[in-house]
Amino acid sequence: MISDHDQAADGVTVTLTFDFDAYSTWIGTFGARSPSMLSRGEFGPIGVRRILDTLDRYSAPGTFFTPGHTALAFPDHVREIRDRGHELAHHGWVHENPVTLEAEEERRVLERGLEALWEIAEVKPVGYRSPAWDNSPNTVSLLLEMGFEYESSMMGSDFSPYWCRIGDEWSETEEYRFGKPVPLVELPVAWHLDDWPQFEYVIAPGVSMQGVRSPTPLLEIWIAELSFLHERVGSGNLNLTMHPQVIGRGHRLLMLEQFLDFASSLDGVSFRLARDVACDWRQGKSPELPDGAGPARAAVWDS
Ligand code: ZN
C-alpha cells in the first residue's frame, strides 16, 4: 500500500482539467429544447481560447475531457488544444450519464466518442471522465477493454490516485464486498473542487442549481487544499475540475490566475497533464485494494 511517505519522491502536482462540454451537457444532461439554453454551451469555445492563453502564460499543461459531440461542433478548438501541447481525453458522446445506459449502449457511446476525437484530431485518448461523474457498473470493464489507462470520475481519495475495481457488491442487508482491483488508474475528483456547482445557475426538469457565487470561496478552497497537500501531506496530486463555459468568464478566469500565482509561488509544486500523473503513479505498482479494505470479503474474486 502506498503511504504519503512513499509518494515523497513524486512531489506535489496539480492537474488542471477542463470538461469541454459545449452544447453536449445542455443536450445530454439537461435535455435542452431552447436556443437560449443551448447558447450557454456556445460560450465554451470562447472560454477555451482564453484558457489556452492563460495556460501559456503560466507554462501549465491542461487536460481537456471532450465529448465527441463537442469535437464535431468545434473542431478547430479541439485541434488547437492538441496543437498547443495539451491533452485531449474522453468525455462521452453527448454527455450521457453512463448509469442510464445498458452495457451495449455505453459501449457504443464510448466508441462514438473515440471515433470523433480520431476523426477531428487524430487522437486516441488514454483518459476518460464520465459525464456527471457517474460511472455505471460496466464502465471500468469497458474502459479496460478499449485500452484506457486512467479515468477520473470517482471520489475514493483526494491527493492519491488509486486502482479502479470491477465487481464491488453492496446491499442494505449484506456486508460490503470489494471487487477486483484492475490496471486502470483512478485520478479522484471532488465536487468542492469543481467550478460548475459553485457558479452555474440551472433550472431544468428535476434540476435546481443556484450557482452565481463570487469566485472568492472557490479560490479559498483551492488554496487551502493545495496548502494542506503541500504542508501536511507533502506529496500527491490536486485534481481541479473546470468547464470552459464556466471558468472562461472574466471574473472567474482572473480567479484561476490568482490560484496559478499561488501555486507557482510554492516550492516543489508543478502542473502536470492528467495522463502523466497517472502514468507516473502506476510505475512499479500492481492493482490492489485500498488500504485497510477487508481482504476476507474480497475473497470472492480470488476463487
Ligand atoms: Zn461534463
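Residues are numbered from 1 along each chain as its sequence is written, and side-chain values use heavy atoms, without hydrogens and water. Because the model is predicted, local features need pLDDT of at least 70 and side-chain atom pairs count only at pLDDT 80 or more, while totals for chains, interfaces and linings use all residues.

**Zinc site**

The zinc ion has protein donors from Asp21 (OD), Asp21 (OD), His91 (NE2) and His95 (NE2), at 2.1 to 2.6 Å. Donors are N, O and S atoms within 2.8 Å of the metal (3.2 Å for Na, K and Ca); water is not among the atoms, so sites may look incomplete. Angles among the 4 donor atoms run from 52 to 134°, and the site is irregular. Four donors count as tetrahedral if all angles lie between 85 and 135 degrees; four count as square planar and six as octahedral if opposite donors are over 155 degrees apart and all others between 65 and 115; anything else is irregular.

The donor residues follow the spacing D-x69-H-x3-H. Asp21 sits in the loop between strand S1 (12-19) and helix H1 (24-29), and His91 in the loop between strand S3 (87-90) and helix H6 (103-121), so the pair links distant parts of the chain, 70 residues apart. Helices (H or I, at least four residues) and strands (E, at least two) are DSSP runs, numbered from the N terminus. Asp21 and His91 are both buried. Buried means under 20% relative accessible area, exposed over 50%, partly exposed in between (1.4 Å probe, protein chains only).

**Two threonines**

Thr241 belongs to strand S10 (residues 236-242). Its relative accessibility is 1%, so Thr241 is buried. Leaving out residues up to four places away in sequence, Thr241 touches several residues, among them Thr17, Asp19, Arg129 and Trp133. Contact means heavy atoms within 4.5 Å.

Thr139 is in helix H7 (residues 139-145). Thr139 counts as buried because its relative accessibility is 0%. Its side chain makes a polar contact with the side chain of Glu106, at 2.6 Å. A polar contact is a pair of N or O atoms within 3.5 Å; within protein, one must be able to donate a hydrogen and the other to accept it, and residues adjacent in sequence count only if both atoms are side-chain atoms.

**Aromatic pairs**

Rings of Phe, Tyr and Trp (its six-membered ring) pair if their centres lie within 6.5 Å; planes under 30 degrees apart count as stacked, over 60 as edge-to-face and the rest as tilted. The count comes to 11 aromatic pairs. Two of them are tabulated.

| Pair | Centre distance | Plane angle | Class |
|---|---|---|---|
| Trp26 and Trp196 | 5.5 Å | 40° | tilted |
| Trp222 and Phe259 | 5.5 Å | 70° | edge-to-face |

Trp26 lies in helix H1 and Trp196 in helix H8 (residues 195-199), so this pair ties together parts 170 residues apart in sequence. Trp26, Phe30 and Trp196 form one aromatic cluster. Trp222 and Phe259 are both buried.

**Positive phi**

Ala22 has a phi near 45°, positive in a residue other than glycine. Ala22 lies in the loop between S1 and H1. Trp133, also not a glycine, has a positive phi of about 50°. Trp133 is in the loop between strand S4 (127-128) and H7. At 7% relative accessibility, Trp133 is buried.
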